[in-house]
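Hello,

Here is the structure I said I would pass on.

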Amino acid sequence: MIIEPVAKNSRYNLCTMKKTTQLLVMALVLLAQTVSAQAPAPPRIEPPERHEFVIHDFKTESGVTLPQAHIVYGTYGHLNAAGDNAILLPSHYMANQRGYEWIIGPDRALDPTKYFLVATELFGNGRSSSPSNTPEPFHGPRFPVMTIRDNVEAVHRLLIEELKITHLRAVIGFSMGAQQAFQWAVSYPTFMDRVVATSGTAKTYPHGVVRLEGQIAAITTDAAFMNGDYTTPPTKGLEAFGMVWAGWLFSQEWWRKELWRASAPAGTTFEQEMNGLAKRFNADANDYILQARTWEKHNVGTTPGFDGDVEKALHSIKVPLLYMPSETDLYFPIGDARYEAAFIPKVTLMPIPSLWGHTAGAASNPADLKFLNDNIGKFINTPMEK
């Protein structure tokens, strides 16, 4: 667009130029918003191969023994002849094995033609052993509380016994997957070459427990919940749960700047966006609660040998660890990450510069996608120090 020069002493031309400039600025802003909202097309990759590993008489940290513990997992690519290209991707809250496809593909950090990717599903997600799919006497609210360490121990057996993997190139985890990544680094400090943790900490601190208890209370106060033995889903409780969740998921500035419009259909109102978020939860209520309890109990300091001391446990980590908190995460505040990073010997603390709150750690927008893929790819491909 060409803007004509303003004639001297021409009030009309001055006003015209101001209006033209305003229109130009508005057009550029709209263009920038359109470009930023358009994430690169996801790379074409084959769906993961679904597998299931069963452990008989699995003793949990709570002391309860499950007659059968089922772990659902998916694999991308193939294990090479040397057996040194395996990367573990442990799932986050209520996610399945496809939760890391933002980082998988020929043009992403994890190329399945190069790596053998193992994506495991947490106990309680409705596919691995969960309150909703386990028979009595452990059905529903009687299913034992599982810990992050329970999940790590089960997956360790899966890798060793079923896949014959004795060493990993890396463990990469987001959110509750990051919690598992930290636990791997403490429980099995030489089992992997590197660890990446995005939007997650090595311990759930009291403020996180308060948040999770608020979400659990939203479900359990629904009269239909019936102490977990419901005959129909507690839909009102699940909607309340969703509203609490939505209030913590993104940053305050994300809401103020209405960044939700980047992916919402044209004409969507704030009320529609808010209510849509609140109604996203339709899985089994006991499964939601079980994984929230798993989240609450996470603390690498309670690993045997560390006497509850999270600092001592973090100091024991031997491998390079890329720690990527979101600068605006309300679930796992960046202050907690900075505190923990001070005790990890080979840490690279690299905050994600994002307004997208907790979701930044799973590439919820194009800028975060590029930041994560570029830096994780560089980190896992850096030659190991001898």
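This is a predicted model: local features need pLDDT of at least 70, side-chain atom pairs count only at pLDDT 80 or more; totals for chains, interfaces and linings use all residues.

Helix H4 takes in residues 206-220, and helix H8 takes in residues 285-296. Their axes lie 10 Å apart, and the two helices pack at an angle of about 165°. Angles over 145 degrees count as roughly antiparallel, so H4 is roughly antiparallel to H8. The crossing of H4 past H8 is left-handed.

On the H4 side, the contact is made by Val-209, Arg-211, Leu-212, Glu-213, Ile-216, Ile-219 and Thr-220. H8 contributes Ala-285, Tyr-288, Ile-289, Ala-292, Arg-293, Trp-295 and Glu-296. By type, nine residues of this contact are nonpolar, four are charged and one is polar.

Asn-286

Asn-286 is also part of helix H8. Is Asn-286 buried or exposed? Its relative accessibility is 7%, so Asn-286 counts as buried; the cut-off for buried is under 20%. The side chain of Asn-286 reaches the backbone oxygen of Gly-228, at 2.9 Å. Leaving aside residues up to four places away in sequence, Asn-286 touches Pro-131, Gly-140, Pro-141, Phe-225, Gly-228 and Tyr-230.

Ala-367

Ala-367 sits in helix H11, which runs over residues 366-381. With a relative accessible area of 53%, Ala-367 is exposed, since exposed means over 50%. Ser-354 is 13 residues away from Ala-367 in sequence, and their C-alpha atoms are 8.2 Å apart in space.

Regards

Note on methods
Residues are numbered from 1 along each chain as its sequence is written. Side-chain values use heavy atoms; hydrogens and water are left out. Axes are lines fitted to C-alpha atoms, for helices over the stretch in contact, and angles run from 0 to 180 degrees between N-to-C directions. Helices (H or I, at least four residues) and strands (E, at least two) are DSSP runs, numbered from the N terminus. Angles under 35 degrees count as roughly parallel, over 145 as roughly antiparallel, 65 to 115 as roughly perpendicular and the rest as oblique. A crossing is left-handed if the near helix is turned anticlockwise from the far one by less than a right angle, and right-handed if clockwise. Contact means heavy atoms within 4.5 Å. Ala, Val, Leu, Ile, Met, Phe, Trp, Tyr, Cys and Pro count as nonpolar, Asp, Glu, Lys and Arg as charged, and the others, Gly among them, as polar. Buried means under 20% relative accessible area, exposed over 50%, partly exposed in between (1.4 Å probe, protein chains only). A polar contact is a pair of N or O atoms within 3.5 Å; within protein, one must be able to donate a hydrogen and the other to accept it, and residues adjacent in sequence count only if both atoms are side-chain atoms.
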